[in-house]
Each structure stands twice: as structure tokens, then as C-alpha cells.
Amino acid sequence: MDAVKGHVIDVDDAHDDDAPTTLMLRSPEVPTTLGQLAALKGEAIEIIEARVQVIATLRTASIRATHPEDWLLFKSPDERVIGYLQDGGCDRVRDLWGIEVFDITKPEKVAGAEPHVFHYLITGSGRCKLTRQVVEAMEGGRSSTDDFCRDKRGADLELAVRKAARANLDGNITRELAGMKSVPVTELELAWAATNKQIAHCRRGRGVGSGDERLGATREGVPDVPPPTCPHCQTKGVYRAAKGTRGAFYGCPNYAKHPDQKFIIDAAKWEKDARAEQLAAGLTASREAGAEG
């Protein structure tokens, strides 16, 4: 007997014929042609569904392994808000997919227009042991003008840029093989539904943030739920972002009019409770609609 992806198969049966067994074909790592699936007829649908389930489960697990701060949100050309997994987040999901990076070149330094401006480029390939996909000659790079280099000089600056270039190469390979370059924000929300991780804590990129706020969009980082109302003056609470050790909260904009009557609501708890109420209301409406139908 031999084991394949947690399933036990008969070795003799597996080698009687050149075609993989139906059990093996359920694994995403086993190459499968349309002809092989067509020959299996009804079983082909089960095999495809099993593969889809494996990848979907792994994708959700990968998102749950990351933190909101690992994601950069930006707006796509079709106006959708999507998430881009940054290099640090890629480190958290690489082992889940069994991704290996190999054939790495020596970092190449490219001089910029000014003496203190330079770039490091590095090339490598990668493979995913789960899906057997391979990418070749992927590039990674970082510049001495990037934000993380702001307080570095000399050898420290050189080392920081080289290390960041390698991390970017690993990240590019991981994003490509795991499909984490553009993840819909709704998928992030669903994966984090049972956790305390929130979209509001993700970093904002192109098309998401202050530019949109000036056009009437919600202020960056503010949860997209109705704010609480101050019980003392009936004014809608204002969101205050986290600062230092203090967590984000809602407060009354007219607090000076009732200094002895405090109104402070923890933002994370308020958002969680508000979403639970929205979900309950949606389920009730759905049941009522079904009853009427």
C-alpha cells in the first residue's frame, strides 16, 4: 500500500495502467487532461469539485494566516476594491502552499541619477509543490528611496535594500503561485468573519484613501457601519483612529457641551456588533421573503 495526499491506494492498481487512478486525480498536484476526465464520465465532476474544494480551503486558510496590516488595498480599473498581499504577508502563507524559491541570482546594483540613489535587482524561480506550477525568471527589486530606508546610511542602507529586494522576489513568486496579487476585499472580509481582524486596519493604496475622501467618500479607516449616537445630546459619534496604546473609538463631537457626561464607544466592538445585527436582519428578511414566496 502507498499513500497519496492522505489517501491510501493500491500500488499494483496504480501502475497497471498509465492513467492515474480517480483517487489520485482528486489531488491538485496530479496533471490531468480533459481526455482523462472525459473518460471517467460521472466521476469527473467529483474530481473537479474535490480539487476546487482543496484550493478554496487553502486560500481561506492563507488569508486567515495573515494580518490586515499585511494587505494593501487599491481600486482596480473596474472600480472594485481589491487587496494586494505585501512581502511580509507572503512569508506567512508560503509554507501553506509548499512554495519553494530556487535559481536565485546575485543581487545586481543599479545606480540612480544621484550618488545616494540606487536600486538592487534580483532574479529567481519558484515552484508550488501542491499544484506543481512553476514560474521562471521572476524579478524582485527595491530602491534606496523607499520609505524603510529613510533613516539608513552607508552599509546599513546597502544591506537593507539588498534584503528588501530578496524579500520582494520571494513575495512576487508567492503572490503569483498562490494567487494573492489581487484578492477582492469581500473575500478578505469573509475569511476574517470569525476573527477580530478588520478591513479598516489594512493599508490604503491607489484609489483608496484621502483622494476619495475629498470627493465625499468615507474617511480612511472608518468602519462602514452606522456610527453610534451620543445618548446625552443625540449627536452621531465621530470615529477616532487608534493612537499609541489607545485603540480606535467613537466619541461625541459636542463633548464640550456635556463635559461631565462621557461618551466613548470601542470602535472594534461597535463594528462587530453592528455587523452581527446586519447579518441577523438579512437572515430575517430572507426567511420572510421565502415564507411569502
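Modeller: Threonine 174 is buried, its relative accessible area being 0%. Buried means under 20% relative accessible area, exposed over 50%, and partly exposed in between, with a 1.4 Å probe and protein chains only.

Colleague: Before we go on, what kind of model is this?

Modeller: This is a predicted model, where local features need pLDDT of at least 70, side-chain atom pairs count only at pLDDT 80 or more, and totals for chains, interfaces and linings use all residues. Residues are numbered from 1 along each chain as its sequence is written, and side-chain values use heavy atoms, leaving out hydrogens and water.

Colleague: Back to threonine 174, then. Which helix is it in?

Modeller: Threonine 174 belongs to helix H6, residues 154-178. Helices (H or I, at least four residues) and strands (E, at least two) are DSSP runs, numbered from the N terminus.

Colleague: And what is threonine 174 in contact with, neighbours within four places in sequence aside?

Modeller: Cys90, Val93, Arg94, Ile99 and Gly179. Contact means heavy atoms within 4.5 Å.

Colleague: New topic. How many residues are in the largest nonpolar core?

Modeller: It has 32 residues, and Ile63, Trp71, Trp97 and Leu188 have the most contacts inside it. Such a core is a set of buried Ala, Val, Leu, Ile, Met, Phe, Trp, Tyr and Cys residues joined through side-chain atoms within 4.5 Å.

Colleague: Which element gives the most to this core?

Modeller: H6, with 7 residues.

Colleague: What about aromatic pairs, how many does a search of the whole structure find?

Modeller: The search finds 2. Rings of Phe, Tyr and Trp (its six-membered ring) pair if their centres lie within 6.5 Å; planes under 30 degrees apart count as stacked, over 60 as edge-to-face and the rest as tilted. Phenylalanine 118 and tyrosine 120 have ring centres 6.0 Å apart and planes at 85 degrees, so they are edge-to-face.

Colleague: Is phenylalanine 118 buried or exposed?

Modeller: Buried, at a relative accessible area of 5%. Tyrosine 120 is buried too, at 7%.

Colleague: And the other pair?

Modeller: Tyrosine 239 and tyrosine 250 have centres 5.7 Å apart and planes at 70 degrees, so that pair is edge-to-face. Tyrosine 239 is in strand S11 (residues 238-240) and tyrosine 250 in strand S12 (residues 249-251), 11 residues apart.

Colleague: Last one: which charged end sits over the ring of phenylalanine 118?

Modeller: That of lysine 109, 4.5 Å from the ring centre. A charge sits over a ring if NZ of Lys or CZ of Arg is within 6 Å of the ring centre and within 35 degrees of the ring normal.
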